[in-house]
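Let's walk through this structure together, one region at a time. Keep the view open beside you as you read.

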Amino acid sequence: MEQTVYIVLENGTVFEGKNFGAPIDSVTGEMVFTTSMTGYLETLSDPSYWGQIVVQTFPLIGNYGVIPSDFESSALWPSAYIVREWCQSPSNFRSEGDLDTFFKEKGFPAVYGVDTRSLTRILREHGAMNGWITAKAPPYSQAELFAMKGYAVKEAVPHVTVSEPKSFPAQGAELHHVVLWDFGSKNNIRRELCRRGCRVTVLPAPSRAEDILSFSPDGVMLSNGPGDPAENTDIIRELQKLCGSGVPIFGICLGHQLLALANGARTEKLKYGHRGANQPVKDVATGRVYITSQNHGYAVSSSSLPDGIRTSFYNLNDGTCEGLEYDRIPAFSVQFHPEACGGPLDTRFLFDRFIEKIETFGKTGA
């Protein structure tokens, strides 16, 4: 029997929908939307969505089923998932099931039958806000609404990082050794490094600079992850030490923001963030425009950049910083996802640029 559920927004708007996947009693999270037409499996398994309720703007989700080999991690990270319609009969030779069955197995709550166009317009107009999904029909008490409004995504990185070091061999001959500092990394970051002859050691977020350097890495990759970058003060402090080591560094998404904070820049929360596979960014050096896959609610403030840090990419929709080059250390970073599978592949050259930095500055063959 279908369960009627209600989506209550921080501004008081209420939407009615139907539950699929795991039964819903009460779920609270930051309400965000993503505009990707494909890549819903990558979205669901992206640790950067921890603590958030994700709305899909594309109206039909699940048409190519569940494909475990496409997952970006071993878990489903959003607090809940909202779609207009889910496909009950997926058609794909790689599919191993449908979303409803898969969500039930994982205990993951989802809602369909919602006017996601109207919901997205509210989030675009008012910005990302808290939301509450409940089986209880309105009206709601002031205490219930106050509890929902008081929710915040806090201490997110410790919930998504690995608990202990992990090692992955290079594909083919081992040319380099890279430490992947895990703040909630997507699997394809590691796979892109392994494809380029890198043995990858994944280290937990609480690692110290001396822990990282004890592995004698040729380079360090700073991963994506969830939450407010500025609250990770311990990581930022250790990253400052790492920047003085001379080891080449490449940061993606949260890693990009943390690297900027460690070098004196500031970050700011965007009104509703960039989430989807269609964000245009411009390369400052070449003038070329790339359509990129993104998932972030914070950005580095371009006006806060100290001397020695230059903007390398910027977003053509709102002008925000999408990449940085560092003059005084062998480091660079991007806000978008060059490893993304749900989006285009044409920024994967950034991994080759990282390898070039390793071969110029790193301890090749360590």
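What follows is a tour that begins with the barrel and ends with the aromatic rings.

First, some ground rules. This is a predicted model, in which local features need pLDDT of at least 70 and side-chain atom pairs count only at pLDDT 80 or more, while totals for chains, interfaces and linings use all residues. Residues are numbered from 1 along each chain as its sequence is written, and side-chain values use heavy atoms, with hydrogens and water left out.

Start with the barrel. Seven strands close it in the order S1-S2-S8-S6-S4-S3-S9, with mixed pairing. Helices (H or I, at least four residues) and strands (E, at least two) are DSSP runs numbered from the N terminus, and two strands pair if DSSP finds at least two bridges between them. On average, neighbouring strands of this sheet are turned by 35 degrees against each other, direction ignored. Here axes are lines fitted to C-alpha atoms, for helices over the stretch in contact, and angles run from 0 to 180 degrees between N-to-C directions.

For a closer look at one pairing, find strand S1 (residues 4–9) and strand S2 (residues 14–21): they run antiparallel and are joined by five bridges. Within this pairing, Tyr6 stands opposite Glu16 in S2. Helix H2 (residues 99–106) packs on the sheet, touching S2, strand S6 (80–82) and strand S8 (109–112), and its direction makes about 85 degrees with that of S2. Contact here means heavy atoms within 4.5 Å. Helix H3 (residues 116–126) also packs on the sheet, where it touches S1, S2, strand S3 (26–34), strand S4 (52–56), S6 and strand S9 (129–134); the direction of H3 makes about 80 degrees with that of S3.

Now to the backbone. Most residues other than glycine have a negative phi, and most peptide bonds are trans. Against that background, the peptide bond from Pro138 to Pro139 is cis, with omega near 10 degrees. You will find Pro139 in the loop between S9 and helix H4 (142–149). Further along, in the loop between H4 and helix H5 (157–160), sits Glu155. The phi of Glu155 is near 50 degrees, a positive value in a residue other than glycine. Is Glu155 buried or exposed? Glu155 is exposed, with a relative accessible area of 56%; buried means under 20% relative accessible area, exposed over 50%, and partly exposed in between (1.4 Å probe, protein chains only).

Cys253 also has a positive phi, about 60 degrees, although it is not a glycine. Cys253 lies in the loop between strand S14 (249–252) and helix H9 (254–262), and at 2% relative accessibility it counts as buried. Among the residues in contact with Cys253 is Gln335, which is found in the loop between strand S19 (331–334) and helix H10 (349–361). Gln335 counts as buried too, at 0% relative accessibility. Its side chain makes a polar contact of 3.0 Å with that of Gln257. Such a contact is a pair of N or O atoms within 3.5 Å; within protein, one must be able to donate a hydrogen and the other to accept it, and residues adjacent in sequence count only if both atoms are side-chain atoms. Not counting residues up to four places away in sequence, Gln335 also touches others, including His256, His296, Tyr298 and Cys321.

What about disulfides? With a disulfide taken as a pair of cysteine sulfur atoms within 2.5 Å, the count comes to zero. Cys321 is in no disulfide, and the nearest cysteine sulfur, that of Cys253, is 12 Å away. Cys321 counts as buried, at 1% relative accessibility.

Finally, the aromatic rings. The structure holds 17 aromatic pairs. Rings of Phe, Tyr and Trp (its six-membered ring) pair if their centres lie within 6.5 Å; planes under 30 degrees apart count as stacked, over 60 as edge-to-face and the rest as tilted. Phe71 and Phe102 form a tilted pair, 5.6 Å centre to centre with 40 degrees between the planes. Phe71 lies in the loop between strand S5 (60–61) and S6 and Phe102 in helix H2, so the pair ties together parts that are 31 residues apart in sequence.
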